[in-house]
Amino acid sequence: MSAFADRFKKSRNLINKALLSLITSIIVIVITQDIFFTIAPIKELELNFIDDRFSQRGQLAIKDSADVIILEVTQETYDQIPAPYNSWPYPRSLFAKVTENLYEAGVKAVGIDFVMSNKDRFSIENDEMLSDVIKKTGIVVVAGTANIETESLLEDVESSKGIIQKRDENYSSIFYSADSSVGIVNVTSDYDGVYRRYQPYVHFTLGKKNVPTFGYATLNKYYGLPSANVVRREDDYFFLGDKKIPKFDNTSVLINYYGSFRSFPHYKFIDVLDDEDFKTTDELSMEIDVNTWDDPDYGLLYQDIFKDKIVLIGSTMPEDKDILPISFSKGTRKGDNLLYGVEIHANAIQNVIRGDFIAKQSRLEEILLIFFITFLSFFLTSTMVERKVKYHLFLQVLTAPVFVSLIYGVYELGIYLFIQHNFLLSIISPVFAIGFGYFSSFAYNFIRERKQNTVIKGMFSQYVSGALVDELIADPDKLQLGGESKRLTILFSDIAGFSTFSEKMTPQELVSNMNEYLSEMTQIVLDDQGTLDKYVGDAVMAFWGAPIPLENHAYLACKAALEMRMKVEKLKEIWHERGIPPIEVRIGINTGEVVVGNVGGVQRFDYTVMGDTVNLASRLEGANKQYGTYLMISETTYEDVKEHFLVRELDNITVKGRTKPTVVYQLLGYKSDPFTQAQYDSLQNYFTGLNLFKQKKFAEAKPLFITSLEDLPDDGPSKVYLDRCEIYCQNPPPEDWDGVFIMKTK
């Protein structure tokens with residue numbers, strides 16, 4: 001009887017374990033499978049793992065074998081098109097000429113990634129010219145748009161979600177009637193704002209019509225399919241002709257990005273436009289024909305570049321704001337995952353041509369895997385928890401590496417299948433299955449401790465930075481008065497003309513607006529690992545490198561400064577709509593030795609920095625006013641960041657309160673940013689003039705600053721040096737003049 005009871009107890013225990021494992025599995029399925037609801041953080045985490053797999057895989061070499069070529073509209077295009085046609089929108093005759101040239105070169109399809117919803121602003125004949133070329137060549141797809149009422153282009157043809165209303169019969173393109181080859185350029189982002197998916201078509205409920213998206217309309221041309229052809233859906237696939245394309249969800253495919261910016265071959269729009277019949281600005285000014293397109297010796301036409309290719313015409317200018325975050329990132333910095341819209345279309349098209357599809361694990365496969373892993377994890381954990389107390393901690397320590405290895409194994413398997421087989425294995429659901437099974441017996445203590453720590457840290461973080469709280473907890477001696485010498489980077493920012501700004505609003509409005517401004521500036525400092533020191537009215541003081549040491553503290557400070565300037569521009573737009581006057585923010589940055597620590601009295605003290613380095617940073621902020629600049633860094637900061645940023649040398653100055661001069665620079669932006677590079681290139685007259693100025697060749701330097709001002713009428717530093725040249729031409733400096741400018745004010 002005892003043996004029977006024992007067997008019954010074990011059986012019941014086994015049944016209970018199985019039942020609890022089943023319940024745990026169902027919980028994991030409900031949480032991860034979006035059956036009844038979607039938990040956004042979990043969804044975003046799974047999406048982030050997709051991005052991680054792209055990073056692990058790295059760039060794929062596609063440029064030399066690509067079937068898609070991007071014809072980019074750049075600043076050079078604007079510069080080389082003669083006036084009055086060198087402003088947007090260009091006359092359609094230019095697109096007609098480029099299309100004809102590409103057709104002559106043997107291009108199979110041309111996609112124009114510009115929405116042309118209005119008539120040509122110069123002449124209706126230009127529209128007729130492009131329309132005739134579209135009809136004659138039969139290779140052109142024009143961009144169309146759709147009104148999207150929800151955040152998804154289309155959840156399901158039968159559903160009420162994702163309804164798209166037609167703006168007009170032409171889908172916002174006046175060239176739709178040319179041969180009905182229109183492609184909808186709208187691309188939809190995921191929960192986190194990242195663009196990973198591509199819809200083959202858009203369903204218009206009002207017209208009960210499916211219209212191909214831009215990439216797939218271009219593929220219709222490439223494969224010789226009807227212009228209005230749309231993919232058909234069967235089970236887990238879309239079909240385009242004989243191409244079998246795995247679905248990512250019911251309406252889209254996952255884009256297999258080959259890499260980051262400029263993975264595809266890029267050629268300039270102006271180079272294809274410049275044939276023997278077209279005169280660029282340079283050709284007109286120099287009276288020499290270059291003809292980059294059809295010159296017999298070096299013309300692109302004769303290099304067999306475009307034959308049998310797809311050419312997408314689009315903008316790669318940041319100011320056009322057609323630049324979007326994607327799942328592939330070339331690095332870890334913010335903005336490293338940005339890609340121009342025309343390149344997103346190129347990736348989607350190339351995936352179809354080469355068959356580089358990413359297949360996704362089916363829902364049934366994922367659910368079965370959840371059941372298996374949850375049962376395994378739960379049974380192992382339950383067995384451990386049932387052991388005697390004296391073995392409990394030992395078994396927990398022993399088993400923990402096993403479960404960590406299981407999680408890591410799932411992660412590595414996901415990467416392997418993605419890289420080697422283009423197969424997308426879900427990461428979150430099996431990890432949740434392992435975690436739920438393992439931590440169920442320890443959940444209460446874990447949650448209680450975690451909640452308590454979160455509350456405590458949250459309370460302290462209202463007064464000091466989270467990093468400082470962590471260091472103070474780890475080392476209570478930090479609470480003692482005193483400090484230590486460290487090499488840090490200090491940032492001061494201040495609103496220019498704050499008195500005038502504040503006079504135009506009530507005290508309540510001023511406080512509200514300043515709270516909004518200071519909140520944004522503070523968040524940038526904290527996001528970039530800085531420590532907020534204090535507010536002084538509208539001024540912000542922050543530093544980098546303490547309490548947590550940072551090797552790249554100067555870089556992070558400059559990064560924060562650029563982000564602060566960008567955020568101010570966005571605030572100006574928002575405030576303009578509210579009728580709030582615009583503001584400008586001046587920033588000074590210096591790097592050097594400071595005393596950092598808790599300074600104050602026994603009753604109250606602050607974690608702050610002191611020293612000459614701090615004073616100079618403050619003076620540099622104010623020195624911006626002298627030169628009409630907004631971002632000034634010292635020579636020591638420049639030496640630390642010159643590999644990452646482009647700067648403009650401003651002057652060799654001695655600020656008030658100091659006797660030692662320092663060279664100061666205007667921080668322009670990242671070296672990797674094309675817009676910053678273009679800005680730097682536009683300052684060559686200034687740089688040459690500055691070198692002559694230093695050599696006391698004021699008469700020779702003066703016309704260079706005049707030219708610089710003709711190019712950049714509001715350039716403050718050029719104005720400063722032009723004034724100095726005029727003064728020194730009349731009253732030359734003494735022989736021992738060293739070029740140092742002494743600041744008389746703060």
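Residues are classed by relative accessible area as buried (under 20%), exposed (over 50%) or partly exposed (in between), with a 1.4 Å probe and protein chains only. The structure is a predicted model, in which local features need pLDDT of at least 70, side-chain atom pairs count only at pLDDT 80 or more, and totals for chains, interfaces and linings use all residues. Residues are numbered from 1 along each chain as its sequence is written, and side-chain values use heavy atoms, with hydrogens and water left out.

Zero disulfides are present, a disulfide being a pair of cysteine sulfur atoms within 2.5 Å. For C725, the closest cysteine sulfur belongs to C729 and lies 6.1 Å away, which is too far for a bond. C725 is buried, because its relative accessibility is 0%, whereas C729, at 36%, is partly exposed.

Helices were taken as DSSP runs (H or I, at least four residues), numbered from the N terminus. Helix α17 (residues 507-527) and helix α18 (residues 553-578) have axes that come within 9 Å and cross at roughly 155°. The two helices are therefore roughly antiparallel, a term for angles over 145 degrees. Axes are lines fitted to C-alpha atoms over the stretch in contact, and angles run from 0 to 180 degrees between N-to-C directions. The contact (heavy atoms within 4.5 Å) involves N513, E516, Y517, E520, M521 and I524 of α17, together with A560, E563, M564, K567, V568, L571, W575 and R578 of α18. By class, this contact comprises eight nonpolar, one polar and five charged residues; Ala, Val, Leu, Ile, Met, Phe, Trp, Tyr, Cys and Pro count as nonpolar, Asp, Glu, Lys and Arg as charged, and the others, Gly among them, as polar.

Terms used: Angles under 35 degrees count as roughly parallel, over 145 as roughly antiparallel, 65 to 115 as roughly perpendicular and the rest as oblique.
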